[in-house]
Amino acid sequence: MSTLRTAPPVTFILVQDRDKARAFYEGVLGLERVGEDNFAIEYDLAGMMMRLTTVQGYQPHAHTVIGWQVPDIIATVRELTAKGVKFAIYPGFGQD
């Protein structure tokens, strides 16, 4: 399967409420929606596709499912906090 080494990845984020997820990913995070079908909303993540896939009865897990490398983490946290994002502090990781 050598083709997987050069094929662009697709990430899947499971959601129960598509409208609520759309409001967060588009309105709060500012992601650009590039497509939508009966199964998912598609976003461009710096050239990688992310699909918000609707799953009835899905219960989110208490862990991170995606992250971004940003040039200034402090400024990014401030910006997102101002938009209402609450950051989780995990024990043992030395976060501040």
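Visitor: Why is N38 called exposed?
Guide: N38 has 74% relative accessibility. Exposed means a relative accessible area over 50%, buried means under 20%, and partly exposed lies in between (1.4 Å probe, protein chains only). Since 74% is over 50%, N38 counts as exposed. This is a predicted model, in which local features need pLDDT of at least 70 and side-chain atom pairs count only at pLDDT 80 or more, while totals for chains, interfaces and linings use all residues. Residues are numbered from 1 along each chain as its sequence is written, and side-chain values use heavy atoms, with hydrogens and water left out.

Visitor: Where is N38 found?
Guide: N38 is in the loop between β2 and β3. Strands are DSSP runs of E with at least two residues, helices are runs of H or I with at least four, and both are numbered from the N terminus. Between the C-alpha atoms of N38 and T53 there are 9.2 Å in space, and the two residues are 15 apart in sequence.

Visitor: What makes E36 and R18 a salt bridge?
Guide: Their side chains meet at 3.0 Å, N to O. A salt bridge needs a side-chain nitrogen of Lys or Arg within 4 Å of a carboxyl oxygen of Asp or Glu, so the pair at 3.0 Å qualifies. The pair links distant parts of the chain, with E36 in strand β2 (residues 32-36) and R18 in helix α1 (residues 18-28), 18 residues apart.

Visitor: Which other residues form a salt bridge with E36?
Guide: R22 does, with closest N and O atoms 2.9 Å apart. E36 lies in strand β2 and R22 in helix α1, so this pair ties together parts 14 residues apart in sequence. R33 also pairs with E36, at 3.6 Å. A network of salt bridges links R18, D19, R22, E26, R33 and E36, and the whole structure holds 8 salt bridges.

Visitor: How do you know whether R18, R22, E36 and R33 are buried or partly exposed?
Guide: By relative accessible area. R18 has 16% and R22 has 19%, so both are buried. E36 at 38% and R33 at 40% count as partly exposed.

Visitor: What makes up the largest nonpolar core?
Guide: It has 10 residues in all: I13, V15, A21, Y25, L31, I41, Y43, L45, M50 and L52. A nonpolar core is a set of buried Ala, Val, Leu, Ile, Met, Phe, Trp, Tyr and Cys residues joined through side-chain atoms within 4.5 Å. β1 (10-15), α1, β3 and β4 each supply at least two of the residues, and β3 gives the most, with 3. In soluble globular proteins, nonpolar side chains tend to be buried together.

Visitor: Which residues does L31 touch?
Guide: Leaving aside residues up to four places away in sequence, L31 touches Y25, E26, Y43, L45, M50 and W68. Contact here means heavy atoms within 4.5 Å.

Visitor: What is the phi of A46?
Guide: The phi of A46 is positive, about 50°, although A46 is not a glycine. A46 sits in the loop between β3 (40-45) and β4 (48-54). With a relative accessible area of 84%, A46 is exposed.

Visitor: Which residue follows α2?
Guide: G84 does, and its phi is positive, near 100°.
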